[in-house]
Amino acid sequence: FPVTIEHRTTNTVNSSITITFQKPFNNPPTVLVSAFNNSATPPIAYIRGVTNINADLYAKNDAGANYGNLKFTWLAIGF
């Protein structure tokens, strides 16, 4: 099977977003994510769930609260 790699940066979102892959994977892919904005305190990025068609990305601050406005950069690798 050929490996499929998809990557993108989201628009600015408020704490979370569900991304949809351009082409469904045969199985849920491995997803790597980072989150950023221009704040002195970087967001902590999480993946709440991954299927073969989408992934739910979420960010918190150090206190565990929703982060606010940020962008996610993500990479999905799978078959």
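The structure holds 3 aromatic pairs. The rings of F21 and F25 have centres 5.1 Å apart and planes at 90°, so they pair edge-to-face. F21 is buried, at 5% relative accessible area. F25 is buried too, at 3%. Together with W74, F21 and F25 make up one aromatic cluster. All of this describes a predicted model.

Y46 and Y58 form a tilted pair, with ring centres 6.5 Å apart and planes at 40°. This pair links distant parts of the chain: Y46 lies in strand β5 (residues 44–50) and Y58 in strand β6 (residues 54–60), 12 residues apart. Y46 is partly exposed, with a relative accessible area of 36%. Y58 is buried, with 12%.

Both tyrosines also carry a charge over the ring. The charged end of R48 sits over Y58, 4.0 Å from the ring centre. K60 lies over the face of Y46, at 5.8 Å from the ring centre.

The whole structure contains 2 salt bridges.

| Salt bridge | N to O distance |
|---|---|
| R8 and E6 | 2.7 Å |

In the R8 and E6 bridge, R8 is partly exposed, with a relative accessible area of 31%. E6 is buried, with 8%.

V13 belongs to strand β2 (residues 13–14). V13 is buried, at 13% relative accessible area. Leaving aside residues up to four places away in sequence, V13 touches G68, N69, L70 and F72.

Notes. Residues numbered from 1 in each chain as written. Predicted model: local features only at pLDDT ≥ 70, side-chain atom pairs only at ≥ 80, totals over all residues. Heavy atoms only, no water. Salt bridge = Lys/Arg side-chain N within 4 Å of Asp/Glu carboxyl O. Buried < 20%, exposed > 50% of the residue type's maximum accessible area, 1.4 Å probe, protein only. Helix = DSSP H or I, 4+ residues; strand = E, 2+ residues; numbered from the N terminus. Contact = heavy atoms within 4.5 Å. Phe/Tyr/Trp six-rings, centres within 6.5 Å; stacked < 30°, edge-to-face > 60°. Lys NZ or Arg CZ within 6 Å of the ring centre and 35° of its normal.
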